[in-house]
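This report describes one protein chain for a reader who is new to structures. Please look over the sequence and the model first, then read on.

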Amino acid sequence: MTEPPDDSSCELPDLPPKDGRRHRHFDGVTWDGVTPQVYKRAPSSPSAPWRDVVRYTLVGETGEPTAFHLRYFEIGEGGYSSLEKHRYVHAVVVLCGQGKVIVGHEVFDVAPFDLVYVPSLLPHQFVNTGSEPFGFLCPVDADRDRPQGLSGAELADLLSDPVVREVVRIPDRVTSSKTDPIDPVRR
Ligand code: MN
């Protein structure tokens with residue numbers, strides 16, 4: 001073992017989390033001392049819907065000097081994240097439950113402690129397929145672009161794939177109108 005460099009995570013400046021805590025217990029459902037937030041701060045939109053998603057921001061939004069934000073998402077039974085794309089990438093690690101993840105034309109069955117990498121600008125969606133909460137860590141760049149919905153052409157391309165079509169959660173009106181793009185969504 002070599003000594004960590006001076007700028008390793010062990011040597012972070014003495015800065016927040018705001019409440020000064022350095023340790024948070026995860027009981028399998030909640031993170032001690034972290035208030036859950038609604039996924040995208042706005043109600044589920046009919047054009048880019050999501051369902052039963054709660055976000056815990058663990059690191060990065062209370063002044064920590066990080067280039068990343070570490071979030072934990074919990075998707076309830078029957079829930080799903082919005083179908084979206086963006087320039088920043090995802091490296092998601094599942095902590096509990098079972099789900100399917102659409103990444104472009106691929107669909108992955110995931111369980112603890114699987115990793116899913118979502119490349120830049122590939123459409124993706126997380127769907128809870130089990131009867132327990134589906135929870136995963138999702139670090140992202142602190143400085144990142146806003147998620148976008150898909151164009152009509154992108155959606156039609158995805159829906160041409162029967163494996164994706166079976167898993168994807170989108171509004172009925174979009175499936176019946178392939179030229180109708182999904183509006184951009186807030187993050
Ligand atoms: Mn995303």
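In which sense do S3 and S9 pair, and over how many bridges? The two strands pair in the antiparallel sense, over 8 bridges. The model shown here is predicted.

## Overall layout

The protein chain has 3 helices and 9 strands. Read from the N terminus, the order of elements is β-β-β-β-β-β-β-β-β-α-α-α. The chain has 187 residues, and 24% of them are buried. Among contacts between residues at least 6 apart in sequence, 70% join residues at least 24 apart.

## Strand pairs

S3 also pairs with S2, in the antiparallel sense and over 7 bridges. Here arginine 55 has phenylalanine 73 in S3 as its bridge partner. S5 and S8 are another antiparallel pair, with 5 bridges between them. Within that pair, lysine 100 stands opposite valine 127 in S8.

## Strand S8

Why is S8 described as largely enclosed by the rest of the structure? The reason is that 5 of the 5 residues of S8 are buried. His124, Phe126 and Asn128 point one way from the strand, while Gln125 and Val127 point the other way. The residues on both sides are buried.

## The largest nonpolar core

In soluble globular proteins, nonpolar side chains tend to be buried together. In this model the largest nonpolar core holds 22 residues, of which Val53, Phe73, Ile75, Tyr80, Phe126 and Val168 touch the most other members. The elements that give two or more residues to this core are S3 (68-80), S4 (90-96), S5, S8 and S9 (134-141). S3 gives the largest share, 4 residues.

Leaving aside its neighbours within four places in sequence, valine 168 is in contact with Leu83, Ile102, Gln125 and Leu158.

Glycine 99 lies in strand S5, which covers residues 99-103. Is glycine 99 buried or exposed? Glycine 99 counts as buried because it has 27 C-beta neighbours inside 10 Å, and the cut-off for buried is 20 or more. Beyond four places in sequence, its contacts are Ile75, Val110, Phe126, Val127, Asn128, Thr129, Gly130 and Phe134. Valine 110 is 11 residues away from glycine 99 in sequence, and the C-alpha to C-alpha distance between them is 5.4 Å.

Valine 118 is in strand S7. This residue is buried too, since 22 other C-beta atoms lie within 10 Å. Not counting residues up to four places away in sequence, valine 118 touches Val89, His90, Val103 and His124. Valine 118 and glycine 104 are 14 residues apart in sequence and 8.7 Å apart in space, C-alpha to C-alpha.

Most residues other than glycine have a negative phi, and most peptide bonds are trans.

| Residue | Phi | C-beta neighbours inside 10 Å |
|---|---|---|
| Aspartate 52 | near 55° | 17 |
| Leucine 121 | near 65° | 14 |

Where do these two residues lie? Aspartate 52 is in strand S2, residues 51-59, whereas leucine 121 is in the loop between S7 and strand S8 (124-128). Aspartate 52 counts as partly exposed because of its 17 C-beta neighbours. Leucine 121 counts as partly exposed as well, with 14 such neighbours. The range for this class lies between the cut-off for exposed, 12 or fewer, and the cut-off for buried, 20 or more.

Which two residues does a cis peptide bond join? The bond joins proline 112 and phenylalanine 113, and its omega is about 5°. Phenylalanine 113 lies in the loop between strand S6 (106-110) and strand S7 (115-118).

Methods:
Residues numbered from 1 in each chain as written. Predicted model: local features only at pLDDT ≥ 70, side-chain atom pairs only at ≥ 80, totals over all residues. Contact = placed C-beta atoms within 7 Å. Core = buried A, V, L, I, M, F, W, Y, C linked by C-beta atoms within 7 Å. Pairing = 2+ DSSP bridges.
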